[in-house]
Amino acid sequence: MIDIQGDNTKNNTIKVNGKMTTANNINIETPLVELLKGADGFSPTITENAENTASVYKLDITNKTDTTTTPNLIPDALNEVFQAAQEFAEAAAASANSANDAAERAVKEADGINAGIEQINQEIDLVLEAMQNKADTDFSNTTMVRYPVAVSPKSLLPNWYIKYNDGWIEQGGLITSTAVSIQTVNFPIPMANTDYYRQAQYPGANSSTVNSVKIPTSNLATTSMGVIAVAKSGGGTGEAIVTAQNTVWQVKGYRE
């Protein structure tokens, strides 16, 4: 209970819960809401840090008194994941004779990647939880961080794949058939459409007999593609199809 007594000029008293307090020069006709009104509030704002790069992504959280910058939201472990995947792809294309050995090494590294994926997810959850405690903010305009969520098992070798959180997939393998014809490569994971990045390379010891490796657009499907190895011209005979054995292939895009 609040009771104000006085003559509007001096020796005024305010009784709050039965206790008297002197308050000079208080107009007792002033509405209580004006006397008791608190300070204006302040809504925090969140913006992208101006120094963000491809490998560093931070947010600036500004409240009434200061600005706080979050830690890097792209965990360091992701860089190791991307590096391991790149090393695998380069090793597979370097030499057909060592393709299986390189793939086995990559799968061993992938075992460590799988073990680290759960830790990465936990770190991201902790960061998001900390940011949510700062302010209730709409993050719809922030950039999605792409990271692996699954890799192919060792039993799939020499074929392989890496799945990402946003639906992106990278997959590839080695043609082992000796048939002298167009080779159909079946994808371990179906693609969303035929507008995917594709590559085939012939690095084998008999490359002196192969002029090029082609992927005809007429043989593209969401579950497979055709690969043709063409012999080098000689004696006026022109192009001829030869075996595509040991050809390394790779596709990238969004999965089904």
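Visitor: Which residue is the bridge partner of Lys163 in S9?
Guide: Ile169 is the bridge partner of Lys163 there. Keep in mind that this is a predicted model.

Visitor: How do S8 and S9 pair, and over how many bridges?
Guide: The pairing is antiparallel, over 4 bridges. S9 covers residues 168–174.

Visitor: What's the strand order in the open sheet they belong to?
Guide: The order is S7-S8-S9-S15-S11. That makes an open sheet of 5 strands, with antiparallel pairing.

Visitor: Which strands stand at the edges?
Guide: S7 and S11 do, and S11 spans 197–201. Each has a single partner strand, so one side of each is left without a neighbour in the sheet.

Visitor: And what's the average twist?
Guide: From one strand to the next, the twist averages 10°.

Visitor: OK, zoom out. How many helices and strands in the protein?
Guide: There are 3 helices and 15 strands. The protein has 256 residues, and 32% of them count as buried.

Visitor: What share of the contacts join residues at least 24 apart?
Guide: That share is 51%, counted among contacts between residues at least 6 apart in sequence.

Visitor: Now packing. Which residues have the most contacts inside the largest nonpolar core?
Guide: Val185, Phe187, Tyr196, Met225, Val227, Trp249 and Val251. The core has 20 residues.

Visitor: Which elements give two or more residues to it?
Guide: S12 (210–214), S13 (224–231) and S15. S13 gives the most, with 3 residues.

Visitor: What does Phe187 touch beyond four places in sequence?
Guide: Its contacts include Gln171, Tyr196, Ala221 and Met225. Trp249 and Val251 are also among the residues that Phe187 touches.

Visitor: What other core lies apart from that one?
Guide: A core of 9 residues. Val151, Trp160, Tyr164 and Trp168 are among them.

Visitor: What does Ser152 touch, leaving out residues up to four places away?
Guide: Ser152 touches Asn159, Trp160 and Tyr161.

Visitor: Which residue has a positive phi although it is not a glycine?
Guide: Asn246, with phi of about 75°. Asn246 lies in the loop between S14 (241–242) and S15 (248–254). Its relative accessible area is 23%, so Asn246 is partly exposed.

Visitor: Last one: Pro71. Where is it found?
Guide: Pro71 is in the loop between S6 (67–69) and H2 (76–94). Pro71 is exposed, because its relative accessible area is 57% and exposed means over 50%.

Visitor: What is Pro71 in contact with, leaving aside neighbours within four places?
Guide: Tyr57 and Lys58. As for Leu59, its C-alpha atom and that of Pro71 are separated by 8.1 Å. Those two residues are 12 apart along the chain.

Terms used:
Residues numbered from 1 in each chain as written. Predicted model: local features only at pLDDT ≥ 70, side-chain atom pairs only at ≥ 80, totals over all residues. Heavy atoms only, no water. Buried < 20%, exposed > 50% of the residue type's maximum accessible area, 1.4 Å probe, protein only. Contact = heavy atoms within 4.5 Å. Pairing = 2+ DSSP bridges. Axes fitted to C-alpha atoms, helices over the stretch in contact; angles between N-to-C directions. Core = buried A, V, L, I, M, F, W, Y, C linked by side-chain atoms within 4.5 Å.
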